[in-house]
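Have your viewer ready and join me for a short tour, one selection at a time. At each stop I will say what to pick and what is there.

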Amino acid sequence: MTASENLTRAEAKERSALIAVESYDVTIDVTNLEPTFPSVTTVAFTCREPGSSTWIDLIAHSVHSVVLNGTALDLSAVVDGPRITLPALQASNVVTVTAQCTYMNTGEGLHRFVDPVDKETYLYTQFESADARRMYACFEQPDLKATWQLTVTTPGHWKVVSNSPTPDPALDDDGHATWAFEPTPRISTYITALVAGPYHRVQDSYTGTYGTYPLDVYCRESLAQFLDSDEILTVTKQGFAFFEEQFGVAYPFAKYDQLFVPEFNAGAMENAGCVTILEDYVFRSRVTDAAYEQRANTILHELAHMWFGDLVTMTWWDDLWLNESFAEWAAHWANVNATRYTDAWTTFANLRKAWAYRQDQLPSTHPIAADMVDLDAVRVNFDGITYAKGASALRQLVAWVGEEQFLAGVRNYFTKHAWQNTELRDLLSELEATSGRDLSGWTHEWLQTSGVNLLRPVVDVADGRYVSVGIEQEPPSSPEGVAATLRSHRIALGLYDLGTEGLVLRERIELDVIGARTEVAQLAGVAQPDLLLVNDGDLTFAKVRLDTRSWLTATEHLGDLNDPLARALIWGAAWDMTRDAEASTGDFLRLVLSGIGRESDVGVVQGVLRQLRLAIDQFAAPENRTGYLSRLADATRALAEAAAPGSDHQLAFARAFVGAATDGAQLDAVAALLDGSLVWEGLAIDTDLRWFLLQRLAATGRAEVDAIERELDSDDTATGRRQAALARAARPTAEAKELAWADIVDRTDLPNAILEATIGGFVQGDQLDLLRPYRSRYFESLPRVWQERTTEMAQDITVGMYPMLLVDDETIAATDAYLSGELNAGQRRLIGEGRDGVLRAMRARARDAQG
């Protein structure tokens, strides 16, 4: 039986107790056009128990030789799938592995992409969490750090970027170039990197407290006309200056490159000194300022990782949060304090925490400091808890111990553990030392327990004044088996009064909420405000509710509230009540349509409108859905037409209208916007908006394949091909669905980006009758998908094609039958999350049917 690609925590611990890795020397040649490339890796390592054996990791097309300490090993005896046994180790060892590795089109390992515009080839690597072994032989676990030296041969006109500064290449007579990089400091394999191709390059540098660092920005040549490098570099330099000052530790690498790469599966990746970023952040069409803010947040997140994750790295993936939660918190903190995006905590509350609240109420919820027993568990754990809940807990900790004390502990942590691996206790000991607080209770409550608490105000009023005010805390309520945890929360209560200048803050009171009920004695005898807002300032991680008077004020005067973060908290509470079936989708629709026109934060506008559309598709009673969509379309059209020409709000409302257009008149308007017979002053119908209009027409049967192909002829780019794939799959015909299904499930050569787009087109809320026959086929196909596909692609198909919109007992029964079989941890988790979503939708639809 061939060894699994999985790796357990116990195996990793045993291997790191046995060996220490000194250096990697990796040589690859990417000059050919074949499916594979040659890879030669030499690793020097020591062994604490000479005579014992271990293994090295490699996922390759073929292994040609393994030479250990000068002896060629019998491949048939030592190569077992992704593991190569290394027997009879000496105290000091050198192993050289020669292999043919495979170019990937899944965004894992060494990804190869051919630009349809100029036919040039572009490469980049993505190794987290364990895909460096797809390019070179390695000990693939984060605590076996080593220096890493790369030599790569490429076509002569390419640019090549890695973790060390790019050297001058040696040119040969065949027009090839060989680039021999200097060794890196000691880093983990998952943050090593290679990016190669005829990339467009913008050069710059940053000079700060600790020296001068090259700052280069790259993108594909065909995107260069859209690259706003000045804005990107401004944010980067602001981040450098801020983090150097706050962390008190020099940037740890020799240079900092940012490379916008095609078909990337995530937002970005913190490769040491060589950050790869989703190229959708190179905006080729008009976007709102919220997109620029999100890009800035991504830039700062990856920059923070150079300290949190790259300089100091978790020992094992249990402490992934030591990387991601800190980078998430640091990025928003820096955005607010160092860039023009001073309302970034509003975006965090509106988008990132909503993601975390949803994740923390699923049956798969887990502590921030999670129990990651193996790689299968790790791969599905890059979630809202690891990122946003963890960042919320850190924000709470900063408020509790004080920002300066917190940063002093972080500085000590970086200094003491530079280039090493750590666990949770290493950080806590430094924070306890600088704050003088015992953090064991906080650690248990916030990092080692699961679920989200609910904070509810209970007020007693007489003659317009508070007799008493209490904050009741409810334990996590949904997942079975989650212990009832009441946490300590540092929060603020905001008292807002309605006047001629709107809803204005009268007073903010900070307090600690501990246990099931906390009395707010200082409010006794105080005049009742129009709005009492729990968790004003968004210091803690908890769902909140409003008392009766406050809810009435919010529903009627939300647009009169001047504080954007306070508004975001109320929007979030309303969305959460809708998800929990405490409010109907119709109630949420009325609240949104009454207040969204006066919401000044365009990011909040877009986020709330996305939530409303999701509610209509999943939580609306079937008999109400069409009417809700029509009302949404009419309202957002009116708002778009009334918005300032060329404004972000106009674009946000226009896109919401197009996505909701349902009846004949609405779809006629969509078609007219596309063909130019209807013009809204200031609204540019640019390339990506044209695709969005066409996709809505395709999904509603108003545009056929020939219209899609004509549009593709005028935009035959990487993005255009994705947009066309979505449009084709969205068509409301049995033939279109069958073709899309075959592409998604049967084709293994479909690139990751096209696969994702096709899934997005296949699943349409207006096409339930067409989707219903695929429910049983979905479950029948899953074993083959997980057997034939990489983990990333199998996850995309499992989540994207789950019959989430078929909200009925048949979906639950089919899911339960599948879950009764033997599944790996990742597959079981993802399908279980889908099941929970259907059950939640059933409750919400029942509530909406009540009116």
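Throughout the tour, helices (H or I, at least four residues) and strands (E, at least two) are DSSP runs, numbered from the N terminus. You are looking at a predicted model, in which local features need pLDDT of at least 70, side-chain atom pairs count only at pLDDT 80 or more, and totals for chains, interfaces and linings use all residues. Residues are numbered from 1 along each chain as its sequence is written, and side-chain values use heavy atoms, with hydrogens and water left out.

**Stop one: backbone details in loops**

Begin with Glu-263, in the loop between β19 (256–261) and β20 (268–269). Glu-263 is not a glycine, yet its phi is positive, about 55°. Is Glu-263 buried or exposed? Its relative accessibility is 15%, so Glu-263 counts as buried; the cut-offs are under 20% relative accessible area for buried, over 50% for exposed, and partly exposed in between (1.4 Å probe, protein chains only).

Now select Asp-463, in the loop between β24 (454–462) and β25 (465–474). Asp-463 is another residue other than glycine with a positive phi, near 55°. With a relative accessible area of 82%, Asp-463 is exposed.

Then go to Ser-129, in the loop between β10 (121–126) and β11 (147–155). Show the backbone from Glu-128 to Ser-129: the peptide bond there is cis, with omega near 5°.

**Stop two: the nonpolar cores**

Next, show side chains. A nonpolar core here is a set of buried Ala, Val, Leu, Ile, Met, Phe, Trp, Tyr and Cys residues joined through side-chain atoms within 4.5 Å. The largest such core has 107 residues, and Trp-307, Trp-321, Trp-329, Phe-406 and Phe-414 touch the most other members. Which helix gives the most to this core? Helix α5 (residues 320–338) does, with 10 residues.

Another core, of 100 residues, lies apart from it; Leu-546, Ala-615, Ala-725 and Trp-786 are among its members.

Zoom in on Phe-414. Residues up to four places away in sequence not counted, Phe-414 touches Phe-247, Val-249, Trp-307, Phe-308, Leu-311 and Val-312, where contact means heavy atoms within 4.5 Å.

**Stop three: a strand residue**

Select Ile-509, in strand β27 (residues 502–513). Ile-509 counts as buried, at 7% relative accessibility. Its contacts, leaving aside neighbours within four places in sequence, are Ile-491, Ala-492, Leu-493, Gln-522 and Leu-523. Draw a distance from Ile-509 to Leu-495 as well: these two are 14 residues apart along the chain, and their C-alpha atoms are separated by 8.4 Å.

**Stop four: helix pairs**

Two packed helices are described by the angle between their axes and the distance between the axes. Axes are lines fitted to C-alpha atoms, for helices over the stretch in contact, and angles run from 0 to 180 degrees between N-to-C directions.

Colour helix α16 (residues 622–642) and helix α17 (residues 648–660): their axes come within 8 Å and cross at roughly 155°. The two are therefore roughly antiparallel to each other; angles under 35 degrees count as roughly parallel, over 145 as roughly antiparallel, 65 to 115 as roughly perpendicular and the rest as oblique. Residues making the contact include Leu-629, Leu-632 and Arg-637 of α16 and Phe-653, Ala-656 and Phe-657 of α17.

Move on to helix α20 (residues 705–714) and helix α21 (residues 718–730), whose axes come within 9 Å and cross at roughly 175°. That makes α20 roughly antiparallel to α21. Ile-708, Glu-709 and Leu-712 of α20 meet Gly-720, Arg-721, Ala-724, Ala-727 and Arg-728 of α21.

For a parallel pair, pick helix α23 (residues 752–762) and helix α26 (residues 791–800): the axes come within 10 Å and cross at roughly 5°, which makes α23 roughly parallel to α26. Here Asn-752, Leu-755 and Ile-759 of α23 make contact with Met-793, Asp-796, Ile-797 and Gly-800 of α26.

**Last stop: Phe-692**

Finish at Phe-692, in helix α19 (residues 687–699). Its relative accessible area is 23%, so Phe-692 is partly exposed. Phe-692 touches Arg-655, Val-658 and Gly-659, not counting residues up to four places away in sequence.
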